[in-house]
Amino acid sequence: MSVDAVMEFRRRDAGDKLTGRTRYTIDRGAPGMLHAAVLRAQVASGRLAKLDTSKAAALPGVRAIATAADAPGRVGIGIADHSLFVVDRVRYVGEPLAAVAADTPEQAQAALEAIKVEIAPLPAILIMQDALAPGAPLIHPEWEDYKILLEGGARAGNVAWEATAVRGDVDAAFARPDVRIVESTFRVGRQNHMAFEPRAAVARYEEGRFHIETSTQVPWTVRNATAGFLGVPASQVRVTVPPVGGAFGLKFDVAIEPFAALLAKLSGRAVRLVNSREEEMLTCLFRENAEIRIRSAVTPAGEIAGREAVVLMDCGAYGGEQIFLTTMTAHTLGGNYRVGASRLVSRAVYTNTAPNGAFRACNGVYNTFALERHTDEIAAALGMDPLEFRRRNVLGDGDLGATGQKFEAEVLRPMLERMEALRAAAPPRRQDDERLYGRATTVGTWFVFTGPSAATVNMNADGSATLVTSGVEIGSGSMMQGLPQIVAATLGIQPEDVMVRQADTDAAGYDVGVGGGRQTVSLGAASLQAAQEVRGKLLAVAAQMLDALPDDLVMQNGRIEIAGPNGAGFSIAEVAAQAQALVGPVAGTGASTRKGVPSMPGCAVGHFIDALDIPVFAVHDCEVAVDPETGHVEVLAYRVVQDVGRALNRSAIGGQIQGGVVQGLGYALHEEVSIDADGRIRQNGFETYRVPLAADVVPVEVELYEGAPSLGPFGIKGAGEVPILNVGASVACAVANATGARVQELPLTPPRVLALLLGRQPELDFPHISPRWDDNLLRPHDQPT
Amino acid sequence: MPIEMTVNGEARRSAADPMTPLIDVLRDEFHLTGAKPVCREGFCGACTVLVDGEPLVACLTPAALVEGREIRTVEGLSAGGRLNPLQTRLVEHDAVQCGMCFPGMVVTLTHFLAQTPRPSRDQVRAALTGNACRCTGYERIVAAALDVAGV
């Protein structure tokens, strides 16, 4: 079967979004609805001595109050370390203590103020260095009692999870007489998603089940985790998802939904809960802050004989996404280049700070920054042009990744050539002023996290089709463009005639959720399979109607006809109607999951995935001007060559690249999160957390690289996740080239750049990362329990 | 005392407290949920509406201040359900992603283009200073606005 799903199809939700008609979760309600609010701890660490809700419960309008006694379960990733409310111990500023539902938002707030709370303060550990210090107080003294959900990760004390990837004899590589050792250290802060729609939910309790409408990327995670917290069967929770007003990973985990659900059950009424912007800032599941030490043994010819690295990622008070992300270091920091032997350890570390989470190209953004700056430091040490070093060393056909994965095909090298052509086509942008000019080309390795997806296609007798999945439209357009294109192309109808059902866990099968570049790939594969089943059924009926063989029929332009000039045929609507009359309505189902590319035996310990099912590569180029008086960095030009496998919708991908790069520019230059001495996030809104504005950005020059192998339907790869991947790296390398300064940290705010220029920025020193790689491990890599 | 105003050409009366932000009156009382309360501190611009023809952030505008004035929200910019030229161009440029910022963007730019029919690129960028967007990276919004102006 040959169909072409490549289209320039405009998204159907644009009109409503432009006229204010789209109803996001924050725009929804129900008759008789109550308003909820959450009481949050104001200290970073302490023992909950008293929580008295009796006075609050008696206030006018208060209909329900929920506390830890109502939510007995613990959930988590890898380990179940997270309860819905503080049970005994407060672990971060903003941690929930109780939740209230009342007739009005004002009454709910008044009730919060009437709850009596006493917390006996305990020492707070706010940075990883303190968490890892010998004899540091434990943030989870009961860590050994938590239920383990995935075996294999090393854990102890304040190390929530440790994953290692070892391939080859690294000691031997470092001991070679012909190598020199280059060592680099890096640090990055947190990044806030600043999704415009805050986390919001409207919950009901009907017929013995919870129904939660919520702004999420992961309806099935919300379903299962809500059930886990509340101690009820997951089948008692139904999750539906209206259009989501921005997510970027923020909504890749359960959030406030269980509070609303619990209060709906307790009150018997619909309950609306919407985070204030201050709550969003305080409890953002940030991109985590991280600290990285990386060493490489390189030959004079530029061969990377050996490499070792330690990556510390701050998971905040609970493990969450960072536990999974310990896996990713092997594929991000361990990506890009052919390396002889390598050993990498990633450690998720507990601190008394707000839990971190997922953010577009999780883990990859800072590891790519570290890897690319380290690569430039290697090239400088060797006296080699950094582009030439990359040309020689980027991953190519048959090269091995950090867990022993064998990469297929030459992808990065031809992408680098494309970038060189783009660079050559435009002269460097320089003005006759006192500023310092620099540019850099960097590479990045990402992947599509595939995982399970399900789809159903219902063929309607009017010739339209309905696609039913648990996919969510978060703005990327995959539910509006990619998926209807795939179904329409398979059925020979117009994409406008494919209706896409909003996610409903009662209507569609399991799905991992939208994230990691997986939605168009995984749901696309399931949707393609479902549509192919429908296609086969329709062709069989049409064959009967036409007295022909199904193989002799073509299905296109809304018709099924006998192949050849002037072939007889019927409209698809006629065939669908006939099928409905003869055998009943036509439907098809599809399912997909990851292939599960194995690692080399013994390479990966504590990992959630062994290797990459679908690698994705990116080459970025950036030109900057640095003002030596102010430290201000202006981005003058930005270019992207992105591996997309095959571009289903070039316009949609272009929009993702412009948006993703700009989000990365914010991360690289001015989006800064800091935590005060009491453990509170300082940035409490848009005024103090500076996102890029229209005047800050440049048009990104985009080239899509097609033809790299992919398991995705039609050879596609996810395109929305990766554009942010090497922006921090590119800006950092360009600023280092412009200034000659050793850039070790992001964001490159004017004060930090000025300090670099004036030599006042001290070199990073990580006493909590041992110089001997093995000494950083809780247990030796080759002795897993 | 009720607050009287004209909203999208229609006389409306609000029972809200005088200090209630206009955004809440529009959304909760009149069910005009187009304007979005995103930051509630006048920074992001997603709640921008026209008051007597001038763009204002509805989150920082107390309801009492619009007594007797004429308000136009994003819902009132597409006469007869038809997209205005800016909205049409934004669709053509495939500019929309999550969409939360667009109610404010559309109000700001529709007003700006009426005042500045032939803007430069930098003028459009400057006009968007009060309207943040987290998804798109702005470029297509700027391009669509320039397209409306035919420059």
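Helices, as named in these legends, are DSSP runs of H or I with at least four residues, numbered from the N terminus. The model shown is predicted.

**Figure 1. The loop position of C135(B) in chain B.** C135(B) is located in the loop that connects α4 (121-127) and α5 (139-149) of chain B. A residue counts as buried if 20 or more other C-beta atoms lie within 10 Å of its own; C135(B) has 29 other C-beta atoms within 10 Å and is therefore buried. Leaving aside neighbours within four places in sequence, C135(B) contacts Q97(B) and C98(B) as well as G246(A), G475(A) and G659(A). Between C135(B) and Q97(B), the C-alpha to C-alpha distance is 6.3 Å, although 38 residues separate them in sequence.

**Figure 2. The contact between chain A and chain B.** Chain A contributes 39 residues to this contact and chain B contributes 41 residues. On the side of chain A that touches chain B, α1 (14-19) and α17 (650-669) each supply at least two residues. The most is given by α17(A), with seven residues. By class, this side of chain A comprises 17 nonpolar, 14 polar and eight charged residues.

**Figure 3. The crossing of helices α11 and α12 in chain A.** The axes of α11 (residues 364-382) and α12 (residues 386-393) of chain A come within 9 Å and cross at roughly 110°. Angles of 65 to 115 degrees count as roughly perpendicular, and α11(A) and α12(A) are therefore roughly perpendicular to each other. T375(A), D376(A), I378(A) and A379(A) of α11(A) make the contact with P386(A), F389(A) and R390(A) of α12(A). This contact has four nonpolar, one polar and two charged residues.

Notes. Residues are numbered from 1 along each chain as its sequence is written. Chains are lettered from A and ligands numbered from 1 in the order in which they are written. This is a predicted model: local features need pLDDT of at least 70, side-chain atom pairs count only at pLDDT 80 or more; totals for chains, interfaces and linings use all residues. Axes are lines fitted to C-alpha atoms, for helices over the stretch in contact, and angles run from 0 to 180 degrees between N-to-C directions. Angles under 35 degrees count as roughly parallel, over 145 as roughly antiparallel, 65 to 115 as roughly perpendicular and the rest as oblique. Two residues are in contact if their C-beta atoms, placed from the backbone, lie within 7 Å. Ala, Val, Leu, Ile, Met, Phe, Trp, Tyr, Cys and Pro count as nonpolar, Asp, Glu, Lys and Arg as charged, and the others, Gly among them, as polar. A residue is buried if 20 or more other C-beta atoms lie within 10 Å of its own, exposed if 12 or fewer, and partly exposed in between; C-beta atoms are placed from the backbone.
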